[in-house]
Every structure is written in C-alpha cells, then in structure tokens.
Amino acid sequence: MRRIPPRLWALAALSAVLQILPFPIAGPVLLWRTVFCWVALVPLLWALLANNKTKNPLTLRQAALLSYFCGILWYLGNCYWIYQTMYLYGGLAKPTAAGILILFCLYLGLYHALFGVLFAVFYRRFGRQIALIFVPFVWVAVELARARITGLPWDLLGIAQVDSPLLTRLAPITGAYGLSFIVAGVNALWLIRIRLREHRFTRPLLTIVGVAIIVVYVVGLRLIANPKASPTTATATLVQENLEVGAANAGPQPTTQQFLESFSYLSRYPSPRYYLGIPELSDTPSVYLIRQQDLSGGSDAGPRQSTPTDLIVWPESPAPFEDLDQQFSSSMSALARTANAPVIVGNTGLEPNPTSRSGYTLYNRASFVNPEGSFAGHYDKMHLVPFGEYVPYKELFSFAKNLLNEVGTFEPGKDRTVFTTGGHSYGVFICYESIFGDEIRQLTQQGADVLINISNDGWYGDTSAAWQHLNMVRMRAIENRRWILRATNTGVTAAINPYGRVTSAAPRHQRTSIHVHFAYEHGLTFYAAHGDLFAYACALVTAIALALSLQRKLAVN
C-alpha cells in the first residue's frame with residue numbers, strides 16, 4: 001500500500017463518488033445527475049493505468065487494493081440504508097447495525113477488486129489500448145458474477161439509464177447488462193489514445209467535443225419522443241395500507257378483522273388522489289384531484305365512490321394474514337365476489353410439517369382469488385432476503401435473529417406460478433425478487449400478460465432504497481415489454497408501462513389506494529425468451545482473454 005501514490009487513492013475515491021451520484025440518494029434521482037455515470041469509471045481506470053512509486057505499472061495486488069477501496073466506498077454510499085434497516089426496523093444495536101453494513105461493503109467490494117485485477121492482467125498482457133477495449137466486457141462479466149454468485153445485482157451500472165429512451169431500447173434484447181456495457185465502454189473510450197497529430201488547438205477541440213456530447217445527451221433525453229405503449233384496456237386497484245414495520249411498530253395493534261375491513265374498504269373505494277408520474281420528482285405533474293382531500297394523520301380520508309375494476313392487488317405487508325385463517329379466506333372470497341374481479345393478496349402461507357417445531361412450514365406467499373371467490377392458486381417467494389426472511393449460516397449469525405421477529409423464518413418456494421382467469425394471465429413476483437431480471441422474465445416466458453409486484457418497502461424508511469427498488473422494477477417492465485402493477489405497503493405504489501414510465505402512483509406514506517389503467521401485452525422479447533445471453537457472452541470473452549494472458553505467462557515461465 002505504501003507504494004501506491006496518494007493521488008491514486010484519491011482517484012479511486014472520486015470514482016466511487018461519481019458512481020454513487022447517478023443513483024437515488026435520498027429521493028428519486030434527477031435527470032441531470034445520470035450524466036455522471038458516463039465519467040464515473042474514468043478516475044478508477046486512470047488510476048489503474050498509472051505507475052506506482054517505483055515508476056512501474058501497478059502490480060495485481062495494488063490494482064486490486066485500489067479497486068477494492070473504490071468498491072467499498074461505492075457500497076457505503078449506495079447501500080447506506082442497510083444501517084437504518086438493521087437499527088430502526090431490525091431492532092439491532094447501533095454498533096451491530098454499523099458492523100453489518102461494513103461487512104456487507106467489505107464483502108461486495110471484492111467484485112470491484114476482481115474488476116481491477118482483470119483489467120491489470122489485460123493491461124500487462126495486451127497493452128493500454130486493448131485493455132481499455134476489454135473494459136465493458138469485464139465490467140458486465142463481473143456484474144453477472146455478482147448476480148449469480150452473491151445473489152445481489154443491486155443497482156447495476158445500466159440501471160442508472162432507466163430514463164434514457166434511446167439506451168433502454170437495448171434492454172428487451174440484452175437486459176440491463178447491455179446498458180452497463182455501453183456506459184462502461186464510453187468511460188473507457190475517454191482514455192483511449194487516438195493518434196492525432198498534436199496541434200495547438202487539438203486538446204481544446206477534443207474538450208469542446210466532449211462537453212458537446214454531454215450537452216447533446218442531456219438535451220436529447222428531453223427531446224426524444226418516448227415510444228407509446230398500447231392503449232389501456234383494463235383497470236386495477238392497488239392498495240397501500242401504510243403499516244409500520246419492525247422496531248418502529250409501537251402501541252396497540254388492530255385485530256386481523258380490522259385489518260381486513262380496512263384493506264377491503266380501500267379495495268372497493270380507491271382514492272381520486274394520485275400522481276401522474278413518480279412521487280417527489282420535481283418535474284412530475286401535480287397530484288390530480290377530483291376533490292380536495294384531508295390527508296391528516298397519514299391517511300387519505302374523505303368520502304369516496306365505489307369504482308369497477310378488473311383486478312385488485314394487496315401488497316406484501318406486516319399484516320397478520322394467514323391462508324389457513326378462516327376469517328382471512330372468507331373476507332378474500334367476499335371481496336372478489338363483490339368486486340367481480342380477481343384479487344392478488346400477500347399473506348403468510350402455512351403448510352403442515354410434523355418435523356417443524358411449530359408444526360408448519362412458512363412461506364412468503366401471494367394468493368390468487370378468482371372472481372367467483374375461490375382460492376385458485378398461490379405463488380411462494382423463491383428468492384428470499386438474507387437476514388430479512390431467513391438467516392444463512394444461523395450458527396455464525398445468531399445475532400441477526402431480531403430481524404426475523406416481524407416476518408418469521410420462511411422457506412423458499414419451488415415453482416414460479418402464473419395465474420390465469422378470464423382469458424388473461426398474471427405473473428407475480430415479491431419484493432426483493434424484482435432485482436433479478438433473469439428470474440422475472442420467466443413469468444413472461446410462461447405466458448403472463450401483465451406482471452404484478454407486491455412489496456413491503458417500509459423497511460427502507462425514507463432512504464434511497466425505495467427509489468432504487470422502483471427503478472429496478474421499471475427496468476423489468478422494459479426488458480419484458482409488460483405493464484407492471486406495483487402494490488407496496490408504504491410506497492412506491494404505481495402502474496408502470498412497458499417502456500418503464502410510471503403512469504400513476506400513490507403518494508408515499510399514506511393509507512390509500514389508487515385506480516390505475518393498464519393493458520394486457522403479448523409476445524416475447526429476445527431477453528424474455530433467452531435471458532442473460534448477452535452477459536454470458538461478455539463473460540466468455542473475458543474468460544478467453546484471461547486464458548490467453550495466463551497461457552503467455554505459462555509459456556514465458
């Protein structure tokens with residue numbers, strides 16, 4: 001470490017900051033901040049191309065350390081909300097919560113270190129120009145490894161461009177990885193030395209061209225017409241109950257019957273108050289009001305009118321709904337019959353298990369009730385949240401048991417389920433599963449005409465996580481060219497069209513429901529049919545280049 005000049009550590013830190021800025025920090029990200037992703041990797045690459053204090057190229061160890069430092073800072077800035085989730089909602093002591101955040105960053109920062117090592121290997125083997133050409137391939141390969149090995153593809157670099165009407169046209173073919181490839185490639189391009197004859201005006205001219213590209217990019221995002229989705233043909237009612245979770249939950253709690261009556265009322269009488277876009281975003285149209293509402297006390301109060309609907313969706317929430325509870329099943333059946341519409345509801349699934357201490361196996365479940373009032377099927381969440389829904393390696397992490405007080409310890413589901421009624425199919429995914437594009441596309445592959453996301457983002461509070469989560473759900477809509485109807489406990493509850501645009505959304509932290517319009521879409525995108533083929537191709541290119549580098553080293557030895 002002593003042989004690495006301080007300026008290189010500064011460049012690595014600067015790169016981390018620039019990688020943080022294009023993503024939500026405390027609210028929805030503003031469009032102008034997404035520009036930073038086009039230069040975010042430049043300082044890190046510049047540092048990796050520099051010499052150490054002995055005037056020699058960086059060793060593999062030095063490249064790994066610089067990149068690791070960058071990765072740790074990136075995760076600290078991007079995922080700082082883990083501390084609040086663990087402390088406020090998980091009930092852990094502040095030092096323990098901080099320790100978990102640090103361990104999280106130290107672990108996932110290893111992927112940045114892997115990128116640095118691979119780049120350094122290619123730099124030594126192929127030289128500066130070729131190594132820079134390999135940058136987008138290596139970056140995507142490392143992102144794929146993060147998704148497949150660690151299971152946390154949170155905020156891939158390409159997600160920062162979810163609002164780009166030009167780049168998102170790649171997503172139905174390559175998934176978010178294609179956008180990451182373009183962004184990483186442009187970052188590398190800034191450092192490729194173009195052999196131009198040095199004139200007096202060469203450098204100023206190149207600087208002006210670079211600035212012009214950025215200006216055209218920002219202006220273009222605002223001027224390029226967004227593709228229009230098919231005309232809406234159906235409606236849905238999305239319920240947002242706004243229940244407190246975890247350690248923040250205090251005082252006497254409503255009974256199950258009171259919860260059911262509250263949810264059922266919101267299902268039959270949606271609010272006329274909603275956003276015509278993303279809540280809290282400066283350029284989002286004002287809240288649409290049919291009549292003035294009193295929003296005191298965190299609820300959307302006032303008289304409402306019953307509205308016909310084609311679908312009712314309840315969120316994943318802390319409410320004590322269990323499918324074996326007769327009170328719950330009767331209420332669900334009555335609601336579906338009254339509304340003459342299918343109902344999708346988040347609840348705890350219980351399956352008899354004589355070997356379990358409780359006598360049951362628990363599942364995080366989405367139940368489907370058809371318009372006739374019959375429970376026609378269910379989907380059990382397959383990708384559970386570590387330390388939120390189960391504790392991996394329980395003996396080592398016994399201190400995390402407080403995190404499970406609210407949701408219990410669940411078992412993962414075994415099969416993805418598409419619900420069909422009235423000639424239409426609904427694919428449901430639950431909360432954290434939305435960050436896995438290759439899993440969500442399987443629902444479309446199975447015939448889902450519309451995608452349903454139920455979530456409980458109350459664990460995140462007012463941190464960046466809710467907005468980061470929303471952007472990843474929006475990318476899933478683009479990849480699959482499907483409407484996504486999203487019902488959450490505290491927000492962001494929204495309808496998202498097949499091009500990733502939020503068409504309607506509920507105000508956050510309000511007890512409310514909204515009536516949204518959507519359409520049933522058909523056909524498969526290339527990504528829905530073939531998954532992460534592009535990302536695997538990048539991994540293959542990276543593996544071949546690494547094999548060639550190692551082959552030469554072995555030959556020399």
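**A tour of the predicted chain, stop by stop**

At 8% relative accessibility, Asn 471 counts as buried, where buried means under 20% relative accessible area, exposed over 50% and partly exposed in between, with a 1.4 Å probe and protein chains only. This is a predicted model, in which local features need pLDDT of at least 70 and side-chain atom pairs count only at pLDDT 80 or more, while totals for chains, interfaces and linings use all residues. Residues are numbered from 1 along each chain as its sequence is written, and side-chain values use heavy atoms, with hydrogens and water left out.

**Stop 1: Asn 471**

Select Asn 471, which is found in helix H13 (residues 465–480). Helices (H or I, at least four residues) and strands (E, at least two) are DSSP runs, numbered from the N terminus. Now show the side chain of Arg 474: the side chain of Asn 471 makes a polar contact with it, at 3.0 Å. A polar contact is a pair of N or O atoms within 3.5 Å; within protein, one must be able to donate a hydrogen and the other to accept it, and residues adjacent in sequence count only if both atoms are side-chain atoms. Contact means heavy atoms within 4.5 Å.

**Stop 2: the whole chain**

Zoom out to the protein chain, which has 15 helices and twelve strands. Of its 557 residues, 55% count as buried. Among contacts between residues at least 6 apart in sequence, 73% join residues at least 24 apart.

**Stop 3: helices H2 and H3**

Select residues 42–49 for helix H2 and residues 60–78 for helix H3. Two packed helices are described by the angle between their axes and the distance between the axes. Here the angle is about 165° and the axes are 10 Å apart. That makes H2 roughly antiparallel to H3. Axes are lines fitted to C-alpha atoms, for helices over the stretch in contact, and angles run from 0 to 180 degrees between N-to-C directions. Angles under 35 degrees count as roughly parallel, over 145 as roughly antiparallel, 65 to 115 as roughly perpendicular and the rest as oblique.

To see where the two helices meet, show Leu 44, Ala 47 and Leu 48 in H2 with Ala 63, Leu 66, Ser 67 and Cys 70 in H3. By class, this contact has six nonpolar residues, one polar and no charged ones. Ala, Val, Leu, Ile, Met, Phe, Trp, Tyr, Cys and Pro count as nonpolar, Asp, Glu, Lys and Arg as charged, and the others, Gly among them, as polar.

**Stop 4: Leu 524**

Go to Leu 524, in the loop between strand S12 (512–518) and helix H14 (526–530). Leu 524 is partly exposed, with a relative accessible area of 47%. Select Thr 444 as well: it lies 80 residues from Leu 524 along the chain, and their C-alpha atoms are separated by 7.1 Å. Not counting residues up to four places away in sequence, Leu 524 touches Thr 444, Gln 445 and Ala 529.

**Stop 5: backbone details**

Most residues other than glycine have a negative phi, and most peptide bonds are trans. Select Gly 491 and Val 492: the peptide bond from Gly 491 to Val 492 is cis, with omega near 15°. Val 492 is in the loop between strand S9 (484–488) and strand S10 (494–496).

Then select Arg 481, in the loop between H13 and S9. Its phi is positive, near 50°, and at 22% relative accessibility Arg 481 counts as partly exposed. Finish at His 509, in the loop between strand S11 (502–505) and S12. The phi of His 509 is also positive, near 55°.
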